[in-house]
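This briefing is intended for a reader who will inspect the model alongside the text. Please consult the sequence and structure shown here.

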Amino acid sequence: MSEQRKAAPEGAETNLSRLRPPYASVLDLIGQTPIVELTKFDTGKCRLFIKLESQNPGGSIKDRIALSMIAAAEKSGALKRGGTIVEATAGNTGLGLAQVGIPKGYRIILVVPDKMSREKIQHLRALGAEVRMTRSDVGKGHPEYYQDMAEKIAAELPGAFYANQFANPANPLAHETTTGPEIFSQLNGDVDAVVVGVGSGGTLTGLGRYFAKHSPKTEMVLADPVGSVLAPLIKTGKMEEAGSWTVEGIGEDFVPPNADLSLVKKAYSIPDKQSMLAVRDLLSKEGILAGSSSGTLLSAALRYCREQTTAKRVVTFVCDSGNKYLSKVFDDIWLAEQGLADQEQHGDLRDLVMRSPRTGDIVTVGPDESLLNAYGRMRRSDVSQLPVLDDGKLIGIVDESDILSKVDGPYDGRWDRFNGPVRSAMTSSLHTLQASQTLDALLPVFDRNEVAIVFDGDEFIGLITRIDLINHLRRRAK
C-alpha cells in the first residue's frame, strides 16, 4: 500500500521561506535583527515599532560595535594576532568583544562596574573573558573609575588594544552602516522618530548621521535615566551633577566623545521605577523579554508617541535580552529591596519583611530533612539561615554555624554527618518580635548576633536580617 503524504500545516511554506542556508560562523548572525510592531500599548496617534537587538548572538546591540571595532583595529594594525583587547564596559560591549574576539584568538580583559547583573558577569566568564570588578559609585578621574582603570591596564600591558567604545569611531560607524539602513529598509523608508539611549553614544550618533543623510524628517529622541547628566544638559544647556540610577548600560556622568548630542531633537528623563515597570509590561503584554535599558527606551517612546498630534511611525530598541536580568528586574524581591515596587507601608517591622510564608516566597526547611538539604537550599537561595517549619508552624531556626558545628570534625570520607536531620542542629529557643513593633526593637536582636523572627499575633510572617535593615534605611534616605 502506497504511503500517503500528509498535508503541510497551514503557513508552513511561508515559515520555511524565511529560513536561510547554514551560516559559516555565529558572527554572521550579527545584525539583520527583526522589527516588531507593539500593539498592546497606548501609543496615541502613532505606530510604535521595536527592533529586537536581543536576537544578536551575544544577546545585545553591542555585538555590532564589537565586530566593527575589532575589524577596524585589525585593519589599522592596532590589534595584532594573539593580542589582548581591554575594555571598560557595562557588560554588553564586553560580551560582544568576547563573542567576536575569543574565537579569533584574542585575550579579553574587561573592567566592569560592580552594579552589573550577576548573569552578565557569569556570561562573560563562561565565554573566557577576564573580568575585573570595580566601583560603580565613583566618577571620572578616580583611580577605581572603570574607564580610567581599563585605560591604565591597557597602557601597562605590552601589545594591548584599548577598545574605548566611548571614543572609537568604529562604534558609531557600525550603526551608520548597518543598523540605520536596516531600519530604513524594514520600515519602507518611512521613519518619523528613533528613540535611543546613550551609553557610549554610538547608537545615537551613527543613526543620527544616517538619517540626516537619508531621511531628514526623522527625529532622534533621547531616553535617559533620571540621574544621568545627558537629558538635563540637552534641555537646559547646563551640566548638572550626576546622581545614581539602577538601569544598566545607558546614562552617563559625562558626555562621551562619541555622543553627538546636537542630533537630539527631544530628550526625556525616565525614573528607574518607570523603566522597570515598562520592561515588565513589555514581557506580560507583548511577550518580549528585554533588559532594563529597554524599559527606559520604551517609556520615553510611549511618552513621545502620546504627545504627538499627528500620526507618526516611531521605532525604538530591545537593546539586550532580559535573560541577563532575571535576578534583578524580574525578581519581585529585588525590586522591593531597591524601593522600585509599589508596597503598602505600615511604619513597623512589616515594612522590612521581604519574604513571607503569606506570599510563598520564603525559603524554609522541615525538621526531618537532612542537613545537606538545608545547606543546599541556603546556597541556592543565597541566604545564611532557614526557618524550620513543621506543619506550617515555626519550631526553630537553622543557620550556617548550626550546620558547621554538627558536621565539623576529622574527615573520614563519609557523608553521614550531612545526612543527619535538621532538628538535630537547629536552634529551638527563639526570641521573637511582633510585627507591630518599631525598628528600635531590632538593635538588641542584632547585638546578640541573631536574626529577627517576626510574628503577627501567633502567625510567623518572616525574618529580618541586618541587610534588610540596611536596605530599608537606604530606601528611606533616597
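The points below proceed from the overall chain to individual elements and charged residues.

This is a predicted model, in which local features need pLDDT of at least 70 and side-chain atom pairs count only at pLDDT 80 or more, whereas totals for chains, interfaces and linings use all residues. Residues are numbered from 1 along each chain as its sequence is written, and side-chain values use heavy atoms, with hydrogens and water left out.

**Overall chain**

- The protein chain contains 15 helices and 15 strands; helices (H or I, at least four residues) and strands (E, at least two) are DSSP runs, numbered from the N terminus.
- The C-alpha trace spans about 75 × 75 × 60 Å along its principal axes.
- Of the 478 residues in the protein chain, 51% are buried; buried denotes under 20% relative accessible area, exposed over 50%, and partly exposed in between (1.4 Å probe, protein chains only).
- Among contacts (heavy atoms within 4.5 Å) between residues at least 6 apart in sequence, 68% join residues at least 24 apart.
- L277 lies in helix 9 (residues 272–286) and is partly exposed, with a relative accessible area of 40%.
- The C-alpha atoms of L277 and A441 are separated by 34 Å, the two residues being 164 residues apart along the chain.

- D63 is located in helix 2 (residues 62–76).
- Although D63 is buried, it has no salt bridge, and the nearest side chain of opposite charge, K324, is 6.6 Å away. Here Lys and Arg count as positive and Asp and Glu as negative, while His and the chain ends are not counted.
- A salt bridge requires a side-chain nitrogen of Lys or Arg within 4 Å of a carboxyl oxygen of Asp or Glu.
- A polar atom of the D63 side chain lies 2.5 Å from the backbone nitrogen of G58.
- With neighbours within four places in sequence left aside, D63 is in contact with I30, N56, P57, G58 and G96.

**Salt bridges**

- Side chains of opposite charge can pair when their charged atoms come close.
- A search of the whole structure finds 24 salt bridges.
- E182 and R64 form a salt bridge through their side chains, at 2.9 Å from N to O. This pair links distant parts of the chain, with E182 in helix 6 (residues 170–186) and R64 in helix 2, 118 residues apart.
- Both E182 and R64 are buried, and a network of salt bridges links K51, E53, R64 and E182.
- D192 forms a salt bridge with K217, with the closest N and O atoms 3.2 Å apart. D192 lies in the loop between helix 6 and strand 7 (193–196) and K217 in the loop between helix 7 (202–214) and strand 8 (219–225), so the pair ties together parts that are 25 residues apart in sequence.
- D192 is buried at a relative accessible area of 13%, whereas K217 is partly exposed at 45%.
- E307 forms a salt bridge with K266, the closest N and O atoms being 4.0 Å apart. E307 belongs to helix 10 (residues 292–307) and K266 to strand 9 (residues 264–270), so the pair ties together parts that are 41 residues apart in sequence.
- E307 is partly exposed at 41% relative accessibility, and K266 is partly exposed with a relative accessible area of 34%.

**Strands 8 and 9**

- Strand 8 and strand 9 run parallel and are joined by six bridges; two strands pair if DSSP finds at least two bridges between them.
- D224 has S269, in strand 9, as its bridge partner.
- A right-handed β-α-β unit is made by strand 8, helix 8 (residues 230–236) and strand 9. A crossover is right-handed if, with the strands pointing away from the viewer, the path from the first strand over the helix to the second runs clockwise.

- In helix 4 (residues 118–127), the buried residues are E119, K120, I121 and L124. These buried residues pack against helix 3 (92–101), strand 4 (107–113) and strand 5 (130–134).
- G128 follows helix 4 and has a positive phi, near 110 degrees.
- In helix 12 (residues 371–381), the buried residues are L371, A374, G376 and M378. Their covering includes strand 11 (385–390), strand 12 (393–399) and helix 13 (400–407).
- D382 follows helix 12, and its phi is positive, near 55 degrees.

Technical notes. Polar contact = N/O pair within 3.5 Å; in protein donor to acceptor, adjacent residues only side chain to side chain.
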